[in-house]
Amino acid sequence: ALLGDAAHPMRPYLAQGAGMAIEDAQALAQCLSVGNAMVPEQLQAYAQARWARNARVQARAIRNGRIFHAQGAVALGRNLSMRLMGERLMDVPWLYAGGSEVHGFNGNAL
Ligand SMILES: Cc1cc2nc3c(=O)[nH]c(=O)nc-3n(C[C@H](O)[C@H](O)[C@H](O)COP(=O)(O)OP(=O)(O)OC[C@H]3O[C@@H](n4cnc5c(N)ncnc54)[C@H](O)[C@@H]3O)c2cc1C
């Protein structure tokens, strides 16, 4: 199994590379602890549990990078938005709510 940067290197603009590596490790440990499953199935469940969240975080980090490094009119718009909305603009509740549940082979959360 691949996890962390080896699986999904992150742009730095959301500061989540280590965060996602830790979540991966927890999900992998949970999947491997399913006693009655074969290892290939356990690894498949791990990949299934993690790909969408990691892809979402990667996409958000890429988007942040574009905004942070914007120039010209886009930079002016960014600065104005930051002034008006403050830290609410950067808030990502879905991110800090944690990773998705890992589901066993019967569909129940582990
Ligand atoms: C400047 C900076 C700031 C960061 N800030 C944040 C932050 O605020 N928040 C956040 O979540 N993330 C942050 N990150 C990202 C975070 O550090 C990485 O995403 C995270 O360390 C990835 O963990 P990992 O275990 O996948 O890989 P790594 O931490 O890179 O661990 C891989 C390990 O494997 C070892 N290794 C490599 N090849 C071999 C080999 N052949 N045999 C044996 N061992 C080997 C390496 O020496 C290393 O110890 C930051 C990164 C940098 C560079």
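The model is predicted, so local features need pLDDT of at least 70 and side-chain atom pairs count only at pLDDT 80 or more, while totals for chains, interfaces and linings use all residues. Residues are numbered from 1 along each chain as its sequence is written, and side-chain values use heavy atoms, without hydrogens and water.

Arg60 belongs to helix α2, residues 39-68 (helices are DSSP runs of H or I, at least four residues, numbered from the N terminus). Arg60 is buried (under 20% relative accessible area, 1.4 Å probe, protein chains only). Arg60 has no salt bridge (a side-chain nitrogen of Lys or Arg within 4 Å of a carboxyl oxygen of Asp or Glu). The nearest side chain of opposite charge is Asp91, 8.1 Å away.

Now select Arg56 and Trp94. The charged end of Arg56 sits over the Trp94 ring, 3.9 Å from its centre (CZ of Arg within 6 Å of the ring centre and within 35 degrees of the ring normal).

Next, select Met10, Leu14, Met20, Val57, Ala61, Val92 and Leu95, the 7 residues of the largest nonpolar core (buried Ala, Val, Leu, Ile, Met, Phe, Trp, Tyr and Cys residues joined through side-chain atoms within 4.5 Å). A second, separate core has 5 residues, among them Leu28, Cys31, Ala45 and Tyr46.

Note on methods
Helices (H or I, at least four residues) and strands (E, at least two) are DSSP runs, numbered from the N terminus. Buried means under 20% relative accessible area, exposed over 50%, partly exposed in between (1.4 Å probe, protein chains only). Lys and Arg count as positive and Asp and Glu as negative; His and the chain ends are not counted.
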